[in-house]
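Here are my notes on the model you sent over, as numbered points. Have the structure open while you read.

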Amino acid sequence: MELYVGANNLFDKEPPRIISGVSGSDTGTETEAGTYDPIGQTIYIGFRSKF
């Protein structure tokens with residue numbers, strides 16, 4: 001049996017803003033979604049067992 005608990009972005013750190021209109025930035029985005037999680041803080045718990 002296994003019980004697990006975890007958290008992503010525990011302290012809810014906001015990503016740095018990207019200035020729009022600069023060459024290399026995507027239109028309509030204010031953060032780099034490939035690097036930072038757009039959801040923010042998440043906490044999870046789970047249980048796993050094998051028979």
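Predicted model: local features only at pLDDT ≥ 70, side-chain atom pairs only at ≥ 80, totals over all residues.

**Notes on the model**

1. Let me start at Ala 7, which is found in strand 1. Its relative accessible area is 37%, so Ala 7 falls in the partly exposed class, between the 20% and 50% cut-offs. Once neighbours within four places in sequence are set aside, Ala 7 is in contact with Thr 42, Ile 43 and Tyr 44. There is also a C-alpha to C-alpha distance of 7.5 Å between Ala 7 and Gln 41, a pair 34 residues apart in sequence.

2. Zooming out for a moment: the secondary structure is two strands and zero helices. Strand 1 covers 2-8 and strand 2 covers 42-48. Of the contacts with a separation of 6 or more, 70% come from residues 24 or more positions apart. The Ala 7 contacts to Thr 42, Ile 43 and Tyr 44 give you a local view of pairs across the chain.

3. How much of the protein is buried? Of its 51 residues, 8% count as buried. The protein exposes about 4,800 Å², and 56% of that is supplied by carbon and sulfur atoms.

4. Now Leu 3, another residue of strand 1. Leu 3 has a relative accessible area of 61%, which is over the 50% cut-off and therefore makes it exposed. Leaving out neighbours within four places in sequence, its contacts are with Ile 45 and Gly 46. The C-alpha atoms of Leu 3 and Arg 48 are separated by 6.4 Å, although the two residues sit 45 residues apart along the chain.

5. Arg 48 brings us to the charges. How many salt bridges does a search of the whole structure find? The search turns up one. Arg 48 forms a salt bridge with Glu 2, and the closest N and O atoms are 3.5 Å apart. Because Arg 48 lies in strand 2 and Glu 2 in strand 1, the pair ties together parts that are 46 residues apart in sequence. Both partners come out as partly exposed: Arg 48 has a relative accessible area of 44%, and Glu 2 has 37%.

6. Which residues make the nonpolar surface patch? Met 1, Leu 3, Val 5, Ile 45 and Phe 47 do, and the patch comes to about 680 Å². Strand 1 and strand 2 are the elements that give two or more residues to the patch. Ile 45 has its place in strand 2 and is exposed, with a relative accessible area of 65%. Leu 3, which is in contact with Ile 45, is exposed too, at 61%.

7. Last, a backbone detail. Asn 9 has a positive phi of about 55°, although it is not a glycine. Where does Asn 9 sit? Its place is in the loop between strand 1 and strand 2. Is Asn 9 buried or partly exposed? With a relative accessible area of 29%, Asn 9 is partly exposed.

Definitions and conventions:
Residues numbered from 1 in each chain as written. Heavy atoms only, no water. Patch = residues over 30% accessible without salt bridge, like charges linked within 9 Å, V, L, I, M, F, W, Y side chains within 5 Å. Areas by Shrake-Rupley, 256 points an atom, 1.4 Å probe, with all protein chains shown as cover. Salt bridge = Lys/Arg side-chain N within 4 Å of Asp/Glu carboxyl O. Helix = DSSP H or I, 4+ residues; strand = E, 2+ residues; numbered from the N terminus. Buried < 20%, exposed > 50% of the residue type's maximum accessible area, 1.4 Å probe, protein only. Contact = heavy atoms within 4.5 Å.
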